[in-house]
Amino acid sequence: MTDYSIGLDLGGTNLRAAAIDRDGKLLHLVTGHTQYSEGRDAIMGDMVEAIASLRDTQGPAGLAGIGVVVPGFISLREGVIRNCNNIPSLEDFPMRDELRERLNAPVILENDANAAALGEQWIGAGRGVRDLVLLTLGTGVGGGIISDGKLIRGFLGMGGELGHITVIPNGNPCGCGNRGCLEKHASATAISAMARLLGYGNVTAKEVYDRAVAGDERAIQIFTCMGEALGIALATLVNAFNSQLYLLSGGVIGAWDFFAPAMIAEARRRSFTFRTTDTRVERAKLGGEAGLYGAAYLPWAT
Ligand SMILES: [Zn+2]
């Protein structure tokens, strides 16, 4: 009998769930077929079906637990998603209890970036590191903090929302109500927005990157701005947590060579600890798989 766990990642455009063993070996993967626009009932049905089918395939005896990862602010204590930009129909919905009831099994709910940090620590770039911070640079910026081997969740479970750290006083407005949040200056969306301001029209972060590669000075400057914003955030995180390793993930880390010099310079300038210790800033390894692996690791992590 294999000891395994089931992880489900409600990310991107459709859900993925997997049975994964204690060593991180993927035993079985299923993909949901519901579009999130079909609404809450359809999404919940899809989630229950995916998890139940994995449990049936692997057998209930070896199941260590079920971890479910969702985007947005989550109140872990209540098992409720508080703010879910991607899937508004899930907002304020008691997802954890609903899943528990329909599956007749305990379910652990976690924020996507927190889970990604766990995944990276388990089998990715953070293997063997007990203190690390992960920043996921995508449509927004997510964060996960692991201190002394444990996720920092805070008293409600809403800790680690690093995308909403202020990096520019009175910078760009953010959906959270603040201005100058990290995710408004260092996400893929922010890259596109800066390009629009410079008259490039509607371009993706990848297109801005391609222009930078071709030597376009203004495109290069966009990544410098992004690097500075990241460096300011990193300095704050280094000062607060003294983690050994800071990982960045997301498609835009492909532009590492363009934004990293400004990022490191800014972090050095603003953090004594960064300047004077062996603090590493590196690319995460698992890419889009981190959340799924982190979800599966949840039953073993808590
Ligand atoms: Zn914000």
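Author: Happy to! First a term: two strands pair if DSSP finds at least two bridges between them. Helices (H or I, at least four residues) and strands (E, at least two) are DSSP runs, numbered from the N terminus. This is a predicted model, in which local features need pLDDT of at least 70 and side-chain atom pairs count only at pLDDT 80 or more, while totals for chains, interfaces and linings use all residues. Residues are numbered from 1 along each chain as its sequence is written.

Our part is helix α10, residues 290-301. Is this helix enclosed or open? Ten of its twelve residues are buried, so α10 is largely enclosed by the rest of the structure. (Buried means 20 or more other C-beta atoms within 10 Å of a residue's own, exposed means 12 or fewer, and partly exposed is in between; C-beta atoms are placed from the backbone.) If you want to find them, the buried residues are Ala290, Gly291, Leu292, Tyr293, Gly294, Ala295, Ala296, Tyr297, Leu298 and Ala301.

What do these buried residues pack against? Their partners are the strands β1 (4-9), β2 (16-21), β4 (63-70), β7 (108-111) and β11 (245-249), together with the helix α3 (112-123). Contact here means that the C-beta atoms of two residues, placed from the backbone, lie within 7 Å.

Let us take the strands next. β1, β2, β4 and β7 belong to an open sheet of five strands, in the order β3-β2-β1-β4-β7 and with mixed pairing. β3 (26-31) and β7 stand at the edges with a single partner strand each, so one side of each has no neighbour in the sheet. On average, neighbouring strands of this sheet are turned by 20 degrees against each other, direction ignored. α10 packs on this sheet, touching β1, β2, β4 and β7, and its direction makes about 135 degrees with that of β4. (Axes are lines fitted to C-alpha atoms, for helices over the stretch in contact, and angles run from 0 to 180 degrees between N-to-C directions.) At one end of the strand order, β2 and β3 pair in the antiparallel sense over five bridges. Alanine 18 has leucine 29 in β3 as its bridge partner.

Now turn to the helix beside α10. The axes of α3 and α10 come within 7 Å and cross at roughly 80 degrees. That makes α3 roughly perpendicular to α10. (Under 35 degrees counts as roughly parallel, over 145 as roughly antiparallel, 65 to 115 as roughly perpendicular, and the rest as oblique.) From α3, the residues that meet α10 include Asp112, Ala115, Leu118 and Trp122; on the α10 side they include Ala290, Tyr293, Tyr297 and Leu298.

β9 (residues 141-147) and β10 run antiparallel, joined by two bridges. There, isoleucine 146 stands opposite leucine 151 in β10.

Let us step back to the whole protein. It is divided into domain 1 (4-116 + 289-301) and domain 2 (128-284), with bounds from an automatic or database domain assignment. The C-alpha centres of the two domains are 27 Å apart. Twelve residues from domain 1 and 15 residues from domain 2 make up the contact. On the side of domain 1 that touches domain 2, β5 (73-75) and α3 each supply at least two residues. α3 gives the most to that side, with four residues.

The largest nonpolar core has 95 residues, and Leu8, Ile191, Ala233 and Leu234 touch the most other members. (A nonpolar core is a set of buried Ala, Val, Leu, Ile, Met, Phe, Trp, Tyr and Cys residues joined through C-beta atoms within 7 Å.) Helix α7 (residues 217-241) contributes the most to this core, with twelve residues.
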